[in-house]
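Here's a friendly walk through one protein chain. Have a look at the sequence and the 3D view, then read on.

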Amino acid sequence: MVHYVTVIDPRHGLAGQRLELVSVQSGRGAAFVVIRLPDGRRRSIRRSATDLVTDSPEARSESKPAPRISVRTLLTLMRHLNSMVTSRSKEVIRDERAIKTVPRSVSS
């Protein structure tokens with residue numbers, strides 16, 4: 001059975017290409033996988049540059065849990081942001097210079 005990976009990192013030179021997966025571990029360590037290039041050569045690339053990051057069960061178990069934040073902190077932050085927005089909406093930028101309007105004649 002042949003497995004394929006897609007390079008999802010837009011900065012990578014092989015971005016968007018679907019390549020054959022040779023080995024899930026490289027000699028460079030567990031953070032790399034070995035793929036087969038279209039011309040047959042093998043190359044090790046970072047696992048994080050491929051779609052293996054989202055598919056592998058190991059990556060899911062190694063992922064960090066989402067940071068937790070208390071409701072008290074969120075309420076304080078919300079009040080601060082609300083005061084910032086309301087103070088900005090009260091500021092009015094005015095240009096005190098008088099603007100002369102000159103009637104434009106339209107030639108027919």
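Two residues are in contact when they have heavy atoms within 4.5 Å of each other. With that in hand, a word on what you're looking at. This is a predicted model, where local features need pLDDT of at least 70, side-chain atom pairs count only at pLDDT 80 or more, and totals for chains, interfaces and linings use all residues. Residues are numbered from 1 along each chain as its sequence is written, and side-chain values use heavy atoms, with hydrogens and water left out.

Let's start with the overall layout. The chain has 4 strands and 3 helices, and along the sequence they run β-β-β-β-α-α-α. Here helices (H or I, at least four residues) and strands (E, at least two) are DSSP runs, numbered from the N terminus. Of the 108 residues, 20% are buried, where buried means under 20% relative accessible area, exposed means over 50%, and partly exposed is in between (1.4 Å probe, protein chains only).

Now zoom in on Arg-43, which you'll find in strand β4, residues 42-46. Is Arg-43 buried, exposed or partly exposed? Its relative accessible area is 38%, so Arg-43 counts as partly exposed. Skipping neighbours within four places in sequence, Arg-43 touches His-12, Leu-14, Val-33, Val-34, Ile-35 and Leu-37. Val-33 is 10 residues away along the chain, and its C-alpha atom lies 8.3 Å from that of Arg-43.

Arg-18 is over the face of Tyr-4, 4.2 Å from the ring centre, while the charged end of Arg-28 is 4.1 Å from the centre of the Phe-32 ring.

Conventions:
A charge sits over a ring if NZ of Lys or CZ of Arg is within 6 Å of the ring centre and within 35 degrees of the ring normal.
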